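Thank you all for making time this morning. I would like to walk you through one model, starting with its sheets and then turning to its side chains and a few backbone details.

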Amino acid sequence: MQNPVIILGAQELGVLALDAFQSNDVIVYCFLDDQVALQQKEVNDITVMGNTEDENFLKMLGKKCDVFVAAEDNATRKSLTNMLKEDYKVVPVNAIHKFSYVSEHAWLGHGNFVQAGAIVNANAKVGNGCIIGARAVVDTTAVLDDNVQLGAGAMVNAGVTIAEGAFIGTGAVVVAGVKIGKNARVGAGAVVVADVPAKQTVFGNPAKPV
C-alpha cells in the first residue's frame, strides 16, 4: 500500500485500525467522524478533520489517498461503503495488522479488518467489511460472508459457513462444518455444534437459542 489512508470513524474501531496501519508503516492522513465533539481534535496524534461526507477530503480518494471504513455497526459500515462505491468509485482497503497471519492461499475481499494475533488459514474465504478480532481464527475452507464480526479469540473451524451480518462473540467456538445464518448472534464463550438459523441468538455450551 503506497497511498496514505483516510479512516472513516475515529472511535474504538478507528483507533484499532490506526494501530494496524501504523504497524505496517502506512501513513494515516486523517480521521473523518460524524461526532461533532471529535472534530478538529486529535485521536492518538491523528486529527479528525471533518465528517464522513466531507468532499474536501473524499475527493482525494483513489488519487492521493486510500480509505478504510471503521464504523462500529454493520448498517453504517455498509452505507458508507456504498457511498464510496457510488460517489467516488473506490472501495475500502483492508486493514491487516502486522502481527496477524493471513495465508497467501486465503481469499479476502475489501474493507476487512484483521486484528493483531488473528489467523486466516489457507483456502479460507472472507467477504467484504468483516471484522476479525484479536487472536480469532478462521480455519481452512471456512467462509465468512460480508460484514461478519468475530470477537477476540473466536474460533471458526474448518468448513464453517457464516452468512452476512452474523456476529460471533469473544472466545466462542464454531465446530467444523456448522452453518451460521444471516444476522445470527453467537454469545461469548459459546460452543456451537449445530447449525444456527438466520437472526437467531444462541449462548452456552452446547449453544442453545435464547
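Before the sheets, a word on terms: two strands are said to pair if DSSP finds at least two bridges between them, and the strands themselves (E, at least two residues), like the helices (H or I, at least four residues), are DSSP runs numbered from the N terminus. In general, strands of a sheet pair through backbone hydrogen bonds, either parallel or antiparallel. Please keep in mind that this is a predicted model, in which local features need pLDDT of at least 70 and side-chain atom pairs count only at pLDDT 80 or more, while totals for chains, interfaces and linings use all residues. Residues are numbered from 1 along each chain as its sequence is written, and side-chain values use heavy atoms, with hydrogens and water left out.

With that in hand, let me begin with an open sheet of 5 strands, whose order is E8-E11-E14-E17-E20 and whose pairing is parallel. Strand E8 (107-108) and E20 form its edges, and because each has a single partner strand, one side of each is left without a neighbour in the sheet. Inside that order, E14 and strand E17 (residues 161-162) run parallel and are joined by 2 bridges, with Leu144 finding its bridge partner in E17 at Ile162.

There is also an open sheet of 6 strands, again with parallel pairing, in the order E7-E10-E13-E16-E19-E22. Here strand E7 (101-102) and strand E22 (191-192) are the edge strands, each pairing on one side only. Strand E10 (residues 119-120) pairs with strand E13 (residues 137-138) in the parallel sense over 2 bridges, and Val120 stands opposite Val138 in E13.

Let me move to the part of the chain that carries an annotation. An unreviewed UniProt entry places the feature "domain: PglD N-terminal" at residues 5-84; its positions are given in the numbering used here, feature names are shortened, and annotations may be inferred rather than shown by experiment. Over residues 5-84 the chain is 34% helix and 25% strand, and the end C-alpha atoms lie 14 Å apart.

Now to the aromatic side chains. Rings of Phe, Tyr and Trp (its six-membered ring) are counted as a pair if their centres lie within 6.5 Å, and planes under 30 degrees apart count as stacked, over 60 as edge-to-face and the rest as tilted. By that rule the structure holds 3 aromatic pairs. In one of them, Tyr29 and Phe57 have ring centres 6.4 Å apart and planes at 55 degrees, so this pair is tilted. The pair links distant parts of the chain, with Tyr29 in strand E2 (residues 28-32) and Phe57 in helix H2 (residues 55-58), 28 residues apart. Tyr29 counts as partly exposed at 43% relative accessibility, whereas Phe57, at 12%, counts as buried; buried means under 20% relative accessible area, exposed over 50%, and partly exposed in between (1.4 Å probe, protein chains only).

A second pair joins Phe68 and Phe113, whose ring centres are 5.9 Å apart and whose planes stand at 75 degrees, so the pair is edge-to-face. Again distant parts of the chain are linked, since Phe68 lies in strand E5 (residues 66-69) and Phe113 in strand E9 (residues 113-114), 45 residues apart. Phe68 is buried at 1% relative accessibility, Phe113 is buried at 2%, and together with Phe21 they form one aromatic cluster.

Where do we find a charge over a ring? The charged end of Lys125 sits over the ring of Trp107, 5.2 Å from its centre, and Arg185 lies over the face of Phe167, at 4.6 Å from the ring centre; the criterion is NZ of Lys or CZ of Arg within 6 Å of the ring centre and within 35 degrees of the ring normal.

I will finish with the backbone. In general, most residues other than glycine have a negative phi, and most peptide bonds are trans. Asn147, although not a glycine, has a positive phi of about 60 degrees; this residue is in the loop between strand E14 (143-144) and strand E15 (149-150) and is buried at 7% relative accessibility. Asn183 also has a positive phi of about 60 degrees, but counts as partly exposed at 35% relative accessibility. Lastly, a cis peptide bond, with omega about 0 degrees, joins Asn205 and Pro206.
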